[in-house]
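I opened my notebook today to look at a ligand and its surroundings. Here is what I looked up, step by step.

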Amino acid sequence: MTVRMAVPNKGRLNERTIELMSKAGIVLGPDWGRRLEVDIPSMDLQVFFLRAQDIPMFISSGSVDFGVTGQDVEAEAGTGLETVLPLEFGHCRLSIAAPDSSDIANGKGMKDGIRIATSFPKLTSAFLEKKGLKGQVVFVQGAAEIMPQLGVSDAIADLVATGSTLRMNRLREVETIMESQACLFASKAALGDKAKKAFIDTIAASLYSVIRAEGKKYLMADVPVEKLSEVEKIIPGIGGPTVIPLDGTGYAAVQVVVSTADVFRSVAELEKIGAKGILTMPIERLVE
Ligand code: AMP
């Protein structure tokens, strides 16, 4: 059995997806940018590089079994795919924004007849309907931000991450339609196949192990035996520290996973209680 995976071929989601895969040991080789399909025979995996927008449709039709895309893209496609794993990057929100000086931006609300330019027509129409508003959705492939100025629309529905693009175009965010991040999606059919599901779960677990390991360090130190009781307070790591007595030395080797943010403080406090040989190391993967 060979399983097929879809990966965004460019855009915001591409680079981080490849990085996560490679850290998880799914190595694509040097040619993946130009070749749109890469075989990894050792894993029985075929990776296809496709447009993020097309990926939901290809998963839903069964052309591929699973893949990575944004929740916004999947929701717009309306394919109802299963979310296997949120990948904790590509965070953004689909929001309504209107020119700074407009009534809409100044709290007067949206009215019937509103024209909204967007690359997300289905989600925007559903949003208007939910609000009980009769409006017009103007579909554009991109550059929605400029449509109010062109007189094409009164407002836009677009993706916002930091908000700086909106500010630069003198637009104000008025309402969020949905929050989004990159996810691993699969079809119900693929997950209904026992062997495929097991494979997809293994890939998800390996990607998750990378996400968890980032922002964590492995800390090792030799601690005086009489100070061991203080160690747990200093480094409350995952599962508590591993303690290995170093016979006849009066020391014990302590090993623990700590958050990167806690490393500076932990090392300083370990030094204070007389620890020696303090080492911190990056972690590639963290499986529990
Ligand atoms: P920002 O200026 O950081 O608010 O980003 C807004 C611009 O980046 C808009 O042009 C969006 O279409 C685009 N954008 C932001 N986040 C994403 C994302 N996760 N996926 C695709 N496009 C995005």
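**Entry 1: the model.** I noted at the start that this is a predicted model.

**Entry 2: who surrounds the ligand?** I listed the shell and found R12, G90, C92, E145, D158, L159, V160, A161, T162, G163, S164 and T165 around the ligand. Sorting these residues by type gave me four nonpolar, five polar and three charged.

Entry 3: I then checked distances to the ligand. R12 has a polar side-chain atom 2.7 Å from a ligand oxygen. E145 also uses its side chain: one of its N or O atoms there is 3.4 Å from an oxygen atom of the ligand. With G90 I had to look at the backbone, where an N or O atom lies 3.1 Å from a nitrogen atom of the ligand.

**Entry 4: how much of the ligand does the protein bury?** On its own the ligand exposes 490 Å², and I found that the protein buries 79% of that.

**Entry 5: which elements build the shell?** Two elements give two or more residues each: strand 9, spanning 155–160, and helix 7, spanning 164–168. Strand 9 provides the largest share, with three residues.

**Entry 6: the pocket.** Next I asked where the ligand sits, and the space it takes turned out to be the largest pocket. I wrote down a volume of about 1100 Å³ for this pocket. Its lining counts 38 residues, and those nearest the centre are Q53, D72, V73, F120 and L159.

**Entry 7: the lining.** Helix 3 (71–77), strand 9 and helix 7 each give two or more residues to the lining of this pocket. Here helix 3 gives the most, with four residues. By type, I recorded 16 nonpolar, 15 polar and seven charged residues in the lining.

Terms used: Residues numbered from 1 in each chain as written. Predicted model: local features only at pLDDT ≥ 70, side-chain atom pairs only at ≥ 80, totals over all residues. Heavy atoms only, no water. Near = heavy atom within 4 Å. Polar contact = N/O pair within 3.5 Å; in protein donor to acceptor, adjacent residues only side chain to side chain. Areas by Shrake-Rupley, 256 points an atom, 1.4 Å probe, with all protein chains shown as cover. 1 Å grid on protein atoms, 1.4 Å probe; cavity = no way out; pocket = protein on both sides within 12 Å on 5 of 7 lines; lining within 4 Å. Sits in = over half its atoms within 2 Å of the grid points. Nonpolar A, V, L, I, M, F, W, Y, C, P; charged D, E, K, R; others polar. Points joined across faces, edges and corners; volume = space filled by probe spheres on them.
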